[in-house]
Amino acid sequence: MTEFLASLLHVLATLIGRLPWPLQRALGDGLGRLVRAAGVRESVVALRNLELAFPDMPAGERAALHAEVIRTTGRQAFETLRLWTRPHAENLALIRERTGVELFEDALAAGRGVIVVAPHHGNWELLNQWLAARTPLAILYKAPESAVGEAFLRRVRADADQVTQVRAEGPGIRQLFKVLKAGGVVGILPDQQPKVGDGVFAPFFGIQALTMTLVSRLAERSGATVLFASCERIDDDLGFALRFDAAPAALSGPDIEASVAALNAGVEHMARRAPAQYQWTYKRFTLRPPGSGESNPYRDLEHGRR
């Protein structure tokens, strides 16, 4: 039954993904307006995050950025369905600018392994497809709570020859080490709040945020090259810029606090470069440092209050 329902979702995704982009764009913009007007959770959380990250930004400017964030989020929903259900060669033609690709090619040729740090910025699904077109890779992912949802994701991201999808669990982490030791490529989304015990606190937009230590441990123990990467939108007509940036040396060093701080600094740099394209709808700062006296900044939102 799980696979049957996942197949039905895939058919629906394909029907929507095959719509002309001008229609998808209009639907995405309409969805964004509806989400903002209805005060949907993602919209309210995004506004709170912008208040936290840009406390000195004038209220009017922040409101305009919030509107752009939600509009971009609505478009991305349709954009991703399009990427999932169309030939990869067609999708890769949407990448019209490339910066720092030589960093990736040189790291791959060196044979010491490559860790691609890809925050929730721009369209990470297109980045995955670009990487898979060049080399086999393992992608770490957090499994959805729904078995149908996981089966659907495995279907739309399937590329048996090039992509290995690794669950963010103990055996999966060991698998990533093996891939890197063999000179392979690993892709990680680094900017979700880990479980207590799986991360340390480090600054992110001037706020202490519990941050994963996995990238730091993989880099330090494997000796792999670490690169930040994203596919940023550069126009309204499905145009993207592929960007690679070298990670600072501290990220691969033995000092875990310095390493995690360097990781967050790299993510923040990308988010500031195109703030409307970052995923602000996620509750990044829920857990606070022990003994800080700080409270969950989303608590009032959880109780239906602004």
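Modeller: Let's start with a term: a cavity is a set of grid points where a 1.4 Å probe fits but cannot get out, and a residue counts as lining it if it has an atom within 4 Å of one of those points. Keep in mind that this is a predicted model.

With that rule, you get two cavities of 30 Å³ or more. Who sits around it? The lining is made up of Asn49, His120, Asp191, Gln192, Phe204, Tyr278, Gln279, Trp280, Tyr282, Arg284 and Phe285. Sort that lining by class and you find five nonpolar, four polar and two charged residues.

Now for a space that is open, the second largest pocket. This pocket holds about 220 Å³ of space. Its lining takes in 16 residues, and the ones nearest the centre are Thr72, Arg75, Arg233, Asp235 and Asp236. The classes here come out as eight charged, five nonpolar and three polar residues. Which element gives the most to this lining? That's α4, with five residues.

So let's stay with α4 for a moment. This helix covers residues 59-85, and it packs with helix α2, residues 21-38, at an angle of about 135°, the two axes being 8 Å apart. Angles over 145 degrees would count as roughly antiparallel and those from 65 to 115 as roughly perpendicular, so α2 and α4 are oblique to each other. The crossing of α2 past α4 is right-handed.

Which residues meet there? On the α2 side you have Trp21, Gln24, Arg25, Leu27, Gly28, Asp29, Leu31, Gly32, Val35 and Arg36, and on the α4 side His66, Ala67, Ile70, Arg71, Gly74, Arg75, Phe78, Glu79 and Arg82.

One more helix pair to finish. Helix α9 (residues 170-181) packs with helix α10 (residues 214-222) at about 40°, and their axes are 10 Å apart. Here, too, the crossing is right-handed. From α9 come Ile173, Leu176, Phe177, Leu180 and Lys181, while α10 brings in Leu214, Arg217, Leu218, Arg221 and Ser222. That contact between α9 and α10 has six nonpolar residues, three charged and one polar.

Key. Residues are numbered from 1 along each chain as its sequence is written. This is a predicted model: local features need pLDDT of at least 70, side-chain atom pairs count only at pLDDT 80 or more; totals for chains, interfaces and linings use all residues. Side-chain values use heavy atoms; hydrogens and water are left out. Axes are lines fitted to C-alpha atoms, for helices over the stretch in contact, and angles run from 0 to 180 degrees between N-to-C directions. Helices (H or I, at least four residues) and strands (E, at least two) are DSSP runs, numbered from the N terminus. Angles under 35 degrees count as roughly parallel, over 145 as roughly antiparallel, 65 to 115 as roughly perpendicular and the rest as oblique. A crossing is left-handed if the near helix is turned anticlockwise from the far one by less than a right angle, and right-handed if clockwise. Contact means heavy atoms within 4.5 Å. On a 1 Å grid over the protein atoms alone, a cavity is a set of points where a 1.4 Å probe fits but cannot get out, and a pocket is an open set with protein on both sides within 12 Å along at least five of seven lines; lining residues have an atom within 4 Å of a point. Grid points are joined across faces, edges and corners, and a volume is the space filled by probe spheres set on the points. Ala, Val, Leu, Ile, Met, Phe, Trp, Tyr, Cys and Pro count as nonpolar, Asp, Glu, Lys and Arg as charged, and the others, Gly among them, as polar.
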